[in-house]
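Open your viewer, switch to a cartoon view, and get ready to select a few pieces by residue number. We will go from stop to stop together.

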Amino acid sequence: MNCHDKLYSRSNPRVNSRRWFLKECGLGLGKIASASLLANAFAPCFGAAISAEDALKPRKPHFTPTAKRVIHLFMAGAPSQLDLFDYKPELAKLEGKPLPPSVIGGQRYAFIRPDAAVLGPRFKFSKYGQCGAEFSEMLPHLGEVADDICVIKSMHTDQFNHAPAQIFLNTGFARPGRPSLGSWVFYGLGSETQDLPAFVVMSTGAGISGGSANWSSGFLPSVYSGVRFRNQGDLILNVGNPKGVDAKLQRDSLDLIDQLNREHLGIVGDPEIETRIASYEMAYRLQTSAPELMDLKSESKSTLEMYGCDPDKASFARACVLARRMIECGVRFINIYHEGWDAHSDVAGNVKTNCGTTDKAAAALIKDLKQRGLLNDTLVIWGGEFGRTPMVESNAALGRSLGRDHHPQAYTMWMAGGGIKGGLTYGATDDLGFHVVENPVHIHDLQATILHCLGFDHERLTFSHQGRNFRLTDVQGNIVKDLLV
């Protein structure tokens with residue numbers, strides 16, 4: 001193992017500092033044994049032996065990257081690929097009839113029977129751009145950047161419920177406790193800014209099924225966790241000073257807290273104290289940087305109109321503008337969660353509403369990054385946790401009709417910039433949109449490809465925890481080389 005490999009395979013010994021150990025145990029063998037047992041008993045409370053200061057330093061990846069940063073537009077709830085990207089005229093012909101049992105196999109669903117009737121596409125489709133990508137009429141603005149994006153129609157996942165599927169896409173594992181993609185990127189690359197967090201999370205809907213597990217640092221030191229920003233008003237609550245606290249009093253208080261924390265750190269060696277110290281200092285700097293970031297008055301009228309952004313109103317469009325401003329300030333990874341795509345009823349109305357909220361802004365983000373020279377090294381990702389069924393969901397008892405259930409076997413995502421081929425449509429599903437039949441892309445393949453764009457060998461970006469090396473892609477995953485420039 002060379003020094004470069006060691007950098008990205010940091011050990012997590014889960015022990016107290018030697019100074020604390022010797023101080024507590026003295027010279028007696030009995031005390032040494034007791035101290036050893038104590039260290040094991042408290043092991044889960046301690047993070048990796050890396051200081052917060054070191055964690056924030058910029059670092060080089062394994063090889064020259066094509067992307068330096070990521071904006072992940074997470075369409076939580078799972079958009080209907082059949083009504084947006086994957087046009088299936090055969091479904092229109094079969095509407096009202098059940099799919100053949102040979103197609104469905106042993107697949108079970110949460111809210112419908114396997115013999116549920118087929119539901120055809122709800123919208124017209126057209127071809128866009130020189131590449132001829134086929135999109136729904138609900139995506140006219142995305143059609144304007146068709147030649148800049150890569151549409152992957154052959155995504156598939158192992159999970160069919162929202163929370164585990166969202167966590168799986170973000171962490172490579174279906175249960176909470178693993179580091180998220182943003183945390184892995186922060187861990188590998190460090191930070192380019194001292195005034196804003198390297199990993200930022202925003203949401204523009206009614207709730208995220210997987211919760212904070214989607215942006216958790218898991219067993220990585222907590223300094224690598226995503227920081228949740230609000231989309232309106234103060235970015236983070238309680239960062240501003242209360243009445244009667246001026247700048248000098250605040251600075252004196254922080255210096256005293258810093259001194260006490262560092263004294264305690266010297267005694268117990270707990271790296272999480274370093275994280276706490278860094279958090280206090282970040283909050284202090286955010287008092288200056290956050291208001292400047294949130295003030296969109298410096299944006300031109302034409303830019304705000306391109307996004308469809310009211311600078312004084314929380315929205316997906318405003319979050320996209322903020323994301324562009326953040327990457328200009330050095331933020332490495334930004335998640336924007338737009339919840340509300342879970343169309344168990346009235347899939348047509350659901351798609352129309354959500355596209356009305358997101359289509360213009362998502363396309364504008366691509367245009368804006370491109371005209372500013374940022375798209376080449378910024379990776380933009382759009383998509384949900386799984387897809388929707390070709391069969392209809394109708395349940396009078398639940399008040400549902402003309403909806404679609406969860407479908408993990410095949411769905412669509414798109415990517416742009418950062419070394420991804422624009423104008424490419426990759427993969428295909430069968431005539432009914434049920435199974436992937438060409439160039440399947442598993443979640444771990446997507447994760448491996450994202451890390452590759454950022455300059456990482458996904459098998460070498462590891463962290464030692466509980467006796468073995470873990471990675472985002474766990475024990476599988478292949479780079480989808482056909483997607484790369």
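**Stop 1: a pair of helices**

Select residues 316-328, which form helix H13, and residues 347-371, which form helix H14: the two pack at an angle of about 20°, and their axes are 8 Å apart. Angles under 35 degrees count as roughly parallel, so H13 is roughly parallel to H14. The crossing of H13 past H14 is right-handed. Keep in mind as you look around that this is a predicted model.

Now show the side chains where the helices touch. On H13, pick Phe316, Ala317, Cys320, Arg324 and Ile327. On H14, their partners in the contact are Thr357, Thr358, Ala361, Ala362, Leu365, Asp368 and Leu369. Which classes of residue make up the contact of H13 with H14? Colour them by class and you will find 8 nonpolar, 2 polar and 2 charged residues.

**Stop 2: two covered helices**

Next, select residues 162-171, helix H8. How many of the 10 residues of H8 are buried? The count is 8, so this helix is mostly covered. The buried ones are His162, Ala165, Gln166, Ile167, Phe168, Leu169, Asn170 and Thr171.

Move on to residues 181-189, helix H9: 9 of the 9 residues are buried, so H9 is largely enclosed by the rest of the structure. Click through Leu181, Gly182, Ser183, Trp184, Val185, Phe186, Tyr187, Gly188 and Leu189 to visit these buried residues. After H9 comes Gly190, with a positive phi near 70°.

**Stop 3**

Most residues other than glycine have a negative phi.

Select Leu402, in strand S11, which covers residues 400-407. Leu402 is not a glycine, yet its phi is positive, near 55°. Is Leu402 buried or partly exposed? Leu402 is partly exposed, with a relative accessible area of 46%.

Finally, go to the loop between strand S15 (436-438) and strand S16 (441-442), and select Asn439 there. Asn439 is not a glycine either, and its phi is positive at about 50°.

Methods:
Residues are numbered from 1 along each chain as its sequence is written. This is a predicted model: local features need pLDDT of at least 70, side-chain atom pairs count only at pLDDT 80 or more; totals for chains, interfaces and linings use all residues. Side-chain values use heavy atoms; hydrogens and water are left out. Buried means under 20% relative accessible area, exposed over 50%, partly exposed in between (1.4 Å probe, protein chains only). Helices (H or I, at least four residues) and strands (E, at least two) are DSSP runs, numbered from the N terminus. Axes are lines fitted to C-alpha atoms, for helices over the stretch in contact, and angles run from 0 to 180 degrees between N-to-C directions. Angles under 35 degrees count as roughly parallel, over 145 as roughly antiparallel, 65 to 115 as roughly perpendicular and the rest as oblique. A crossing is left-handed if the near helix is turned anticlockwise from the far one by less than a right angle, and right-handed if clockwise. Contact means heavy atoms within 4.5 Å. Ala, Val, Leu, Ile, Met, Phe, Trp, Tyr, Cys and Pro count as nonpolar, Asp, Glu, Lys and Arg as charged, and the others, Gly among them, as polar.
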